[in-house]
Amino acid sequence: MSTPTVASLQITAARPYPDLLDLPWDVPLEEWPEEHLAALPRGISRHVVRFVKLGNRVLAVKETNAPIAHREYRMLRLLNRLEVPSVAPVAVITGRVGRDGEPLNAVLITRHLQYSLPYRALYSQMLRPDTAKRAVDALAVLLVKLHLTGFYWGDVSLSNALFRRDAGAFAAYLVDAETGELYDELSPGQRDYDVDLARTNIAGELMDVVASEALDADMDEVLAIADRIVSRYHALWAELTEPESFERGDRWRVEARIRRLNDLGFDVGELAITTDIDGTTVRIEPKVVDAGHHSRRLLRLTGLDAEENQARRLLNDLDSYTAANGRQGEDEEIVAHDWVADVFEPVQRAVPREMRGKVEAAELFHEVLEHRWYLSERAAHDVGLEEAVNSYVVGVLPNKPDERAVLGVDSRSLPAADPDLY
């Protein structure tokens, strides 16, 4: 890179990234040489986007104009501070000048979300309707989380999210905040517009997949999957926010409501509980709800960072370990420490080093448990964890694509991941 080009660059970042200067900013992004690129499946975008190798990190670089880049950078920083599932911003670079002296677009740089895939890479030859439904369900949960924080997306679609496996389901992350606005609270009209737009965009995206013969579905099935975002969103929103009334003798329903919220992955920070004039009817209303109930509990007990469904599955196995060893009366943090050492870590160590980038640790543990269940059902007895791990490592894991990062080839040549392997 020539000295005048470096001197003209303006880098906005929360912390210094001096190695960013090693990248060819005087070349249009679509012309960058392969030596700088990381081969990862790319989604559809209105902008030129490339995944870039930088030391031991993989970054997503998007060309756009400077005001939009700065605005999206600030919005993503806000969302990350609010702990909303979204990609992490790294920097904005402006002042780019081409080798011919002409100005080039600014770029927004975000950190690549490991083990994530765009929705079009969630299938290999065929996308099962059930897989499409799981992706829509994940998008509905993400939209509720965003709306609870006061974020109006304005461009809800499968294409503007990334998906990570989450113990048989998917977890969705916002990847494009270009059109978003953050308010103290959203009106019903703002929320309904986002939901209606999601339904329209999802229908169009799935029709494109049908046209490419990667989804075997007719028009009615596509519209039914798109409509699912509406029903799933409103059901979750109602459970999280609507007040509930019951007779004074049914106090157990307060605990039942909290348990339902916890099962959905949300913590209750505050409940407003009121009674009517004669004291016969009780009304409860969740006032503060935070996502990540199981994830936070798992992190507190074990130090393991996992998606919500993964955390639920790991906690269930921890409970089974506790019961099987007769340790129900002991300090749960001590038992959890022993479970990590005796159960979780041996499973991870059983994976050959060259295959450890294929599946995230928590998802791998979940898949081993699933594999154990299948083997036990076939054998009509419990095969044990060690046998299940060995069978999984030999018979299942080698057939999985590497989801962490595949470096050195054009991402369009990569085989897509098959989410229907467990």
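In this predicted model, Arg-199 counts as partly exposed, at 32% relative accessibility. Its salt-bridge partner is Asp-196, with the closest N and O atoms 3.3 Å apart. Asp-196 is likewise partly exposed, at 38%. Both residues belong to helix 4 (residues 188-211), and because they are three residues apart there, about one helical turn separates them.

Arg-300 is partly exposed at 46%, and Glu-332 is partly exposed at 37%. Together with Arg-297 and Glu-333, these two residues form a network of salt bridges.

Arg-96 and Glu-63 meet through their side chains in a salt bridge of 2.9 Å, N to O. Arg-96 sits in the loop between strand 5 (88-94) and strand 6 (106-111), and Glu-63 in strand 4 (residues 57-64), so the pair ties together parts 33 residues apart in sequence. Arg-96 has a relative accessible area of 2% and is buried; Glu-63 is also buried, at 11%. In the whole structure, a search finds 20 salt bridges.

Finally, the axes of helix 9 (residues 332-349) and helix 10 (residues 361-379) come within 9 Å and cross at roughly 90°, which means that the two helices are roughly perpendicular. Among the contact residues are Trp-339 and Phe-344 of helix 9 and Leu-364 and Phe-365 of helix 10. The contact comprises nine nonpolar residues, one polar and no charged.

Note on methods:
Residues numbered from 1 in each chain as written. Predicted model: local features only at pLDDT ≥ 70, side-chain atom pairs only at ≥ 80, totals over all residues. Heavy atoms only, no water. Axes fitted to C-alpha atoms, helices over the stretch in contact; angles between N-to-C directions. Helix = DSSP H or I, 4+ residues; strand = E, 2+ residues; numbered from the N terminus. Parallel < 35°, antiparallel > 145°, perpendicular 65-115°, else oblique. Contact = heavy atoms within 4.5 Å. Nonpolar A, V, L, I, M, F, W, Y, C, P; charged D, E, K, R; others polar. Salt bridge = Lys/Arg side-chain N within 4 Å of Asp/Glu carboxyl O. Buried < 20%, exposed > 50% of the residue type's maximum accessible area, 1.4 Å probe, protein only.
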